[in-house]
Amino acid sequence: MNLSLSRAVEAIMRDAAQRAILPHYQTLRSDQIEAKAADDAVTVADHAAEAILSERLAQLLPEAAIVGEEAAHADPAVLDRLGDALCWIIDPLDGTNNFANGKPPFGILVALAERGETIGGWIYDPLRQRFCHAERGSGAWIGDERITARASGASPPIAAISLVFADADKREALKTHIAPHYTLVDIPRCAAEQYPRIVLGENDITIFERTLAWDHAAGVLFLNEAGGKVCRPDGSPYRVDEHMRPSLIGAATPALWDELAERMAEI
């Protein structure tokens, strides 16, 4: 991968935001919002953005498979491509529930995987025009500035813990055994926002129970390349072709990760 590819992906994401997402922000009609599942919406902006991203990324790397969130929802067989030699992974509008309610945060997530391992990740916030990107082995960047993850410095550390997809027993264990050791803050319901918050020192740790590839491939690479740590609670790396495995721990520093993982191992 090279700088010219990253610039091309950025241009495609900005184009999708301008043409398919921002024109619908705070202007959606009720008939332009559908429920995919309980507490999981999809809008005309999701579909339009995915169409643009899929078409233009395919032109960029014709040899790569494409797995988009909405395409996979329509045909789960699409998920079989996640382990291909090369695969684009697209979340055309992360934080759809926020977007559908006319509020931030929301963003676009794109990743490029090679045989199940993420090698490139791009995160775009259309409202702030913040562009985060990372390449495996080459660091993490926000715009043209190389970024290093940093802890908040707060005591106790700041935690954004998603309980939405945890079962009842695990939810109770997290509340009882994990939460008291941290200052809890609301989750943004948007991985495109949560990962940058960890890197930028706004949050120290986060726990995700659901680990779908389009939600996490780009963010996991971005946080790890920035010097933070995100992986499975047992220390194994996140792979996009194992996206149905539950649980990810993310932290601004390896020490914060180790501390949380130790506590989680006890529940």
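Colleague: Hi! Where shall we start, and which hand does the crossing of α1 and α2 have?

Modeller: In this predicted model, the crossing of α1 and α2 is right-handed.

Colleague: Nice. At what angle do those two helices pack?

Modeller: Helix α1 covers residues 3-21 and helix α2 covers residues 44-60; they pack at about 155°, and their axes are 9 Å apart. Angles over 145 degrees count as roughly antiparallel, so α1 is roughly antiparallel to α2.

Colleague: Which residues make that contact?

Modeller: From α1 there are L5, A8, V9, A11, I12, M13, D15, A16, R19, A20 and I21. From α2 come A45, A48, A49, I52, L53, R56, L57 and L60.

Colleague: And how do they divide by class?

Modeller: The contact of α1 with α2 has 16 nonpolar residues, three charged and no polar ones.

Colleague: Okay, another pair. How do α6 and α7 cross?

Modeller: Helix α6 (residues 191-199) and helix α7 (residues 213-225) have axes that come within 9 Å and cross at roughly 10°. Angles under 35 degrees count as roughly parallel, so that is how α6 runs relative to α7.

Colleague: Who is touching whom there?

Modeller: On the α6 side, the contact is made by A191, Y195, P196, I198 and V199. On the α7 side, you will find D215, H216, G219, V220, F222 and L223. By class, that gives eight nonpolar, two polar and one charged residues.

Colleague: Let's go to the nonpolar cores. Which residues touch the most other members in the largest one?

Modeller: That core has 55 residues, and I89 and F222 touch the most other members. Helix α7 supplies the largest share of this core, with eight residues.

Colleague: What does I89 touch, then?

Modeller: Leaving out residues up to four places away in sequence, I89 touches V67, L82, L109, V110, A111, A113, A213, W214, A217 and V240.

Colleague: Last topic: where does E34 lie?

Modeller: E34 lies in strand β1, which covers residues 33-37. Setting aside neighbours within four places in sequence, E34 is in contact with D40, A41 and V42.

Colleague: And how far apart are E34 and V44 in space?

Modeller: They are 8.7 Å apart, C-alpha to C-alpha, and 10 residues apart in sequence.

Conventions. Residues numbered from 1 in each chain as written. Predicted model: local features only at pLDDT ≥ 70, side-chain atom pairs only at ≥ 80, totals over all residues. Heavy atoms only, no water. Axes fitted to C-alpha atoms, helices over the stretch in contact; angles between N-to-C directions. Helix = DSSP H or I, 4+ residues; strand = E, 2+ residues; numbered from the N terminus. Parallel < 35°, antiparallel > 145°, perpendicular 65-115°, else oblique. Contact = heavy atoms within 4.5 Å. Nonpolar A, V, L, I, M, F, W, Y, C, P; charged D, E, K, R; others polar. Left-handed = near helix turned anticlockwise from the far one by under 90°. Core = buried A, V, L, I, M, F, W, Y, C linked by side-chain atoms within 4.5 Å. Buried < 20%, exposed > 50% of the residue type's maximum accessible area, 1.4 Å probe, protein only.
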